[in-house]
Amino acid sequence: MASSSTSPVSLAARSPQFSGTELAEGLAPPRQFSSASFDNYRPDPEYPSQEDAVERLRAFAGSWSAPARSGGLFSRKKKVPETRPGLYLDGGFGVGKTHLLAALWHAAPGPRKYFGTFIEYTALVGALGYASTVTLLTGSTLLCIDEFELDDPGDTMMMTRLLTELVSTGTRLAATSNTPPNALGEGRFAAADFLREIHALSGNFDTLRIDGTDYRRRSLEGHALVTDGEAYDERVRSAIEAGETVSDDTFDGIIAHLANVHPSRYIGLIDGIDRIALSGVHVLESQTEALRLVAFVDRVYDAQIPIIASGVPLDEVFGGDMLSGGYRKKYLRSMSRMMALTSAD
């Protein structure tokens, strides 16, 4: 993206606003998954469940138009295996769940299908109201919900009610999720936890387990890249001279600003930005600030915007006992993403 500016911009000076219509129009896979398909998913041969997942999703995508099977002229018709309207992708971070979710969205029929994070759907309800959101989404072939948040009981109940209404009118669902605050474990977002939290809707979901290791860490070792001193200024300057739109903010400035912007609008903070620079990164002691950073990094990662950072490596910012607490999986996923973003060219 060409930039007409000879100096960096500041994300902390931005206050993005979105209408309900604009939010709805943005419910599509992130840029990095704009061409995601079952064919270009790369399953890890050490984990057969990944290849199995591709075949299960292909079958789910094909079930919209699957013809009834016949056993012949004098035979009873064989029943087509029942396909539940919902599919839950159960696996750790970095095993390709979002890629597969986006591939399913691309394969689904019809012009009316939606893909968004849990936060984006709740923001849509906040902007349009519950009844208008139901009206807008009714008649869609598929709703993909990435990172279904189980941390807020109120929002979880609201989304369960919304999805129940949509399923009753023929909409199909596919979801991934994070994990409840009291659930621990390495990278897995257990299906039992997800189905328990959405108990009123759980009977509509088949579970698809996807095992594996974080693909981002297969080629990355060590920590997030740090660029200090004159090298930091030089990288910012070189990016601008190359025609990029670069933001340059202090870490403290961004953390403070995130408190004043709803997470559903974080995508607006980085609109049009080609590279993000953060100076003075340090360890966070506030879990509230840490969770805001996680949500922000998710949007940056979706947009595939490289990060230049000085100070403490970004994958070491979660201080205290955060990595042994209930949000461990969120932090580990964010650490992996920050390592990838600071290593991107």
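This is a short walk through the structure shown above, from the whole chain down to single residues. Keep in mind that the model is predicted.

Let's begin with the overall picture. The protein chain folds into 13 helices and eight strands. Of its 345 residues, 50% count as buried.

Now look inside. In soluble globular proteins, nonpolar side chains tend to be buried together. The largest nonpolar core here has 39 residues, and those with the most contacts inside it are Phe251, Ile270, Ile276, Leu293, Phe296, Leu314 and Phe318. At least two residues of this core come from each of α10 (251–258), α11 (266–269), β7 (275–281), α12 (287–303), β8 (307–311) and α13 (328–343). Helix α12 gives the largest share, nine residues. Apart from this core lies another one of 27 residues, including Ala24, Tyr88, Val125 and Leu143.

Which residues does isoleucine 276 contact, leaving aside its neighbours within four places in sequence? They are Leu11, Ser247, Ile270, Phe296, Val300, Ile305, Pro306, Ile307 and Ile308.

Strands of a sheet pair through backbone hydrogen bonds, either parallel or antiparallel. In this open sheet, three strands follow the order β6-β7-β8, and the pairing is parallel. Strands β6 (246–250) and β8 are at the edges, each pairing on one side only. On average, neighbouring strands of the sheet are turned by 10° against each other, direction ignored. Between β6 and β7 there are five bridges. Helix α10 lies across these two strands, β6 and β7, and runs at about 90° to β6.

Follow the chain past β7 and you reach the loop between β7 and α12, where valine 283 lies. Is valine 283 buried, exposed or partly exposed? Its relative accessibility is 34%, so valine 283 counts as partly exposed. Not counting residues up to four places away in sequence, valine 283 touches Val312, Glu316, Val317 and Gly319. Valine 283 and glycine 311 show how folding can bring separated positions into one region: they are 28 residues apart in sequence and 9.6 Å apart in space, C-alpha to C-alpha.

Next, turn to helix α3 (residues 97–107). Why can this helix be called largely enclosed by the rest of the structure? Because nine of its 11 residues are buried. The buried residues of α3 are Lys97, Thr98, His99, Leu100, Leu101, Ala102, Ala103, Leu104 and Trp105. They pack against α2 (48–62) and against the strands β1 (86–91), β2 (113–117), β3 (142–148), β4 (172–177) and β5 (205–210).

Finally, here is a pair of helices. Two packed helices are described by the angle between their axes and the distance between the axes. For α5 (residues 130–137) and α6 (residues 153–168), the angle is about 35° and the axes are 10 Å apart. Their crossing is right-handed. On the α5 side, the contact is made by Tyr130, Thr133, Val134 and Leu137, while α6 contributes Met158, Arg161, Leu162, Glu165 and Leu166. By type, the residues of this contact divide into six nonpolar, one polar and two charged.

Notes: Residues are numbered from 1 along each chain as its sequence is written. This is a predicted model: local features need pLDDT of at least 70, side-chain atom pairs count only at pLDDT 80 or more; totals for chains, interfaces and linings use all residues. Side-chain values use heavy atoms; hydrogens and water are left out. A nonpolar core is a set of buried Ala, Val, Leu, Ile, Met, Phe, Trp, Tyr and Cys residues joined through side-chain atoms within 4.5 Å. Buried means under 20% relative accessible area, exposed over 50%, partly exposed in between (1.4 Å probe, protein chains only). Helices (H or I, at least four residues) and strands (E, at least two) are DSSP runs, numbered from the N terminus. Contact means heavy atoms within 4.5 Å. Axes are lines fitted to C-alpha atoms, for helices over the stretch in contact, and angles run from 0 to 180 degrees between N-to-C directions. A crossing is left-handed if the near helix is turned anticlockwise from the far one by less than a right angle, and right-handed if clockwise. Ala, Val, Leu, Ile, Met, Phe, Trp, Tyr, Cys and Pro count as nonpolar, Asp, Glu, Lys and Arg as charged, and the others, Gly among them, as polar. Two strands pair if DSSP finds at least two bridges between them.
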